[in-house]
Amino acid sequence: MKKVTLENYRTDKYYLRIVKATSELLTEQGYVAPVRLFQKMELLTEQDIAAWRRGRLPYLEKTIRCNLAKANRILRILRLHAHDLNLKPSSTVYLRKQPGNRMPLKFTKSGDRKLEEAYATHLVSPRLKAAKQPAETTGVTEE
């Protein structure tokens, strides 16, 4: 696979699927969470996400229905597309959904900081952010 760059990402075979999923998520909720993008692209199921949120899976990538190179490629294209749409990154902390056990969830087996951040960063529409002034830059979710 060719490396995804600013010059070629619009011609990537995953680009149109990412654009469609991004558009649907922005219409539905005003922001794009990579976890939900993978779900819209049918690479994760709601059951996968629920099991991960409850701590039944050690990390989310274990259930993604594609190889890790493709998942990383999708995340990269998403960030480039989000820049075109002027979406603002918002760091989010994902916590296990269990009473009394609110440990952070892992996205990757390796725990690589940059990849973990890529999965945990929501991309927020400026319209949504303007409607919620004053906006916080870091959120916590049990998603």
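The structure is a predicted model, in which local features need pLDDT of at least 70, side-chain atom pairs count only at pLDDT 80 or more, and totals for chains, interfaces and linings use all residues. Residues are numbered from 1 along each chain as its sequence is written, and side-chain values use heavy atoms, with hydrogens and water left out.

The protein contains six helices and four strands, which are DSSP runs (H or I of at least four residues for helices, E of at least two for strands) numbered from the N terminus. Read from the N terminus, the order of elements is α-β-α-α-α-β-α-β-α-β. Of the 143 residues, 45% are buried; here buried means under 20% relative accessible area, exposed means over 50%, and partly exposed lies in between (1.4 Å probe, protein chains only). The protein exposes about 8300 Å², and carbon and sulfur atoms supply 53% of that area. Such areas come from the Shrake-Rupley method with a 1.4 Å probe, and for residues only the protein chains shown count as cover. Among contacts with a separation of 6 or more, 67% join residues 24 or more positions apart, a contact being heavy atoms within 4.5 Å.

Helix packing comes next. Two packed helices are described by the angle between their axes and the distance between the axes. Axes are lines fitted to C-alpha atoms, for helices over the stretch in contact, and angles run from 0 to 180 degrees between N-to-C directions. Helix H1 (residues 15–29) and helix H4 (residues 68–84) have axes that come within 10 Å and cross at roughly 60 degrees. That angle makes H1 oblique to H4; angles under 35 degrees count as roughly parallel, over 145 as roughly antiparallel, 65 to 115 as roughly perpendicular and the rest as oblique. The crossing of H1 with H4 is right-handed. A crossing is left-handed if the near helix is turned anticlockwise from the far one by less than a right angle, and right-handed if clockwise. On the H1 side, Tyr15, Arg17, Ile18, Val19 and Thr22 take part, and they meet Lys70, Ile74, Ile77, Leu78 and His81 of H4. Six residues of this H1–H4 contact are nonpolar, two are polar and two are charged. In this grouping, Ala, Val, Leu, Ile, Met, Phe, Trp, Tyr, Cys and Pro count as nonpolar, Asp, Glu, Lys and Arg as charged, and the others, Gly among them, as polar.

H4 also packs with helix H5 (residues 113–120), at an angle of about 60 degrees and with the axes 11 Å apart. H4 and H5 are therefore oblique to each other, and their crossing is left-handed. Ala71, Asn72 and Leu75 of H4 make this contact with Leu115, Ala118 and Tyr119 of H5. By class, the residues of the H4–H5 contact are five nonpolar, one polar and no charged.

Some residues can be paired across the sequence. Gln29, in helix H1, counts as partly exposed at 26% relative accessibility. Its C-alpha lies 9.4 Å from that of Ser125, although Gln29 and Ser125 are 96 residues apart in sequence. Asn101 sits in the loop between strand S2 (88–94) and H5 and is partly exposed, with a relative accessible area of 23%. Asn101 and Arg54 are 47 residues apart in sequence, and their C-alpha atoms are 9.7 Å apart. Ala51 belongs to helix H3 and is buried, with a relative accessible area of 16%. Ala51 and Thr63 are twelve residues apart in sequence and 9.9 Å apart in space, C-alpha to C-alpha. Leaving aside neighbours within four places in sequence, Ala51 is in contact with Arg56 and Leu57.

Backbone angles pick out two further residues, Glu42 and Asn86. Most residues other than glycine have a negative phi. Glu42, which is not a glycine, has a positive phi near 60 degrees. Glu42 is placed in the loop between helix H2 (34–40) and helix H3 (46–53), where it is exposed, with a relative accessible area of 67%. Asn86 likewise has a positive phi, of about 60 degrees, without being a glycine. The loop between H4 and S2 holds Asn86, which is partly exposed at a relative accessible area of 41%.
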